[in-house]
Amino acid sequence: MTTILNNLQAVHARIRAACRAAGRADAEVRLLAVSKTWPAACVREVAGAGQRAFGENYVQEALAKMAGLADLDLEWHFIGPLQSNKTRPVAENFAWVHSIDRFKIAERLSAQRPLHLPPLNVCIEVNVSGESSKSGCPPEAAAGLAHAVAALPNLRLRGLMAIPAPCADPTLARRPFARLRELLEQINGTGLRLDTLSMGMSHDLEAAIMEGATLVRVGTAIFGERIAI
Ligand SMILES: *Cc1c(COP(=O)(O)O)cnc(C)c1O
């Protein structure tokens with residue numbers, strides 16, 4: 001078996017072990033394979049092993065990859081920072097956007113979502129690590145933004161996403177994930193029904209699953225170290 005497929009199996013094993021440790025069913029946690037910087041051939045290989053959901057950060061790179069993989073039934077997730085002049089191709093080509101951090105972006109995505117497609121699934125990105133992270137809306141603003149986004153016609157608000165700052169102390173690693181889960185519970189207490197906590201990456205997926213992650217976004221542990229671009 002190739003390195004990538006070995007890696008994929010190892011990630012599945014980590015997810016299963018974390019679910020067991022957390023007393024959760026495996027089926028509660030979806031794997032998003034983050035394929036940014038990796039060529040379409042690598043995506044095809046992972047798709048051949050049954051992986052369907054792939055995450056991308058850069059619009060042009062993602063569109064080129066999608067074109068080369070159009071024969072496969074894949075679900076594309078946009079997880080990178082999104083500028084307002086790039087919303088149209090995202091609205092037209094992706095199934096999910098995890099990185100909504102302001103209303104204007106959501107409004108444009110809703111207006112630009114083609115009507116023949118199902119509503120675009122979206123998550124609000126929350127900055128749970130304070131000043132150490134530049135992306136995401138402040139936790140205090142998340143509930144208001146969630147209600148505004150939930151009212152847009154061509155989006156389906158699914159939940160919250162976070163990219164906590166890397167944490168050297170493993171006893172503290174769960175804290176930002178707990179914060180995001182509490183925020184989701186709080187927002188659901190105000191009448192919304194969000195079902196997605198998009199949190200956990202290659203180095204911290206166990207901590208995220210312990211705190212209720214329903215979708216982990218894993219790149220390096222599957223595809224290998226990225227060359228800086
Ligand atoms: C790159 C990226 C990931 C994957 O990170 P790895 O450490 O390679 O697993 C997850 N989420 C976001 C938003 C990313 O940009």
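1. Let's start at the ligand: one of its oxygen atoms is 2.8 Å from an N or O atom in the side chain of Arg226. A polar side-chain atom of Thr220 lies 2.5 Å from an oxygen atom of the ligand, and one of Arg217 lies 2.9 Å from a ligand nitrogen atom. A polar contact here is a pair of N or O atoms within 3.5 Å. Taken alone, the ligand exposes 390 Å², of which the protein buries 91% (Shrake-Rupley method, 1.4 Å probe).

2. A word on reading these values: this is a predicted model, where local features need pLDDT of at least 70, side-chain atom pairs count only at pLDDT 80 or more, and totals for chains, interfaces and linings use all residues. Residues are numbered from 1 along each chain as its sequence is written, and side-chain values use heavy atoms, with hydrogens and water left out.

3. Which residues surround the ligand? Among them are Val34, Lys36, Asn57, Ile163, Met201 and Gly219 (a heavy atom within 4 Å). This shell divides into five nonpolar, four polar and three charged residues, with Gly counted as polar.

4. Where does the ligand sit? In the largest pocket (more than half of its atoms lie within 2 Å of the grid points). A pocket is an open set of points on a 1 Å grid over the protein atoms alone, where a 1.4 Å probe fits, with protein on both sides within 12 Å along at least five of seven lines; lining residues have an atom within 4 Å of a point.

5. The largest pocket holds about 620 Å³ of space. Its lining has 28 residues, and Lys36, Asn57, Ser135, Ile163 and Met201 are the closest to its centre. The lining comprises eleven nonpolar, ten polar and seven charged residues.

6. Do look at the second largest pocket too, with its volume of about 330 Å³. Of its 18 lining residues, Leu74, Trp76, Asn93, Phe94 and Ala95 are the closest to the centre. Eleven are nonpolar, two polar and five charged.

Technical notes: Polar contact = N/O pair within 3.5 Å; in protein donor to acceptor, adjacent residues only side chain to side chain. Points joined across faces, edges and corners; volume = space filled by probe spheres on them.
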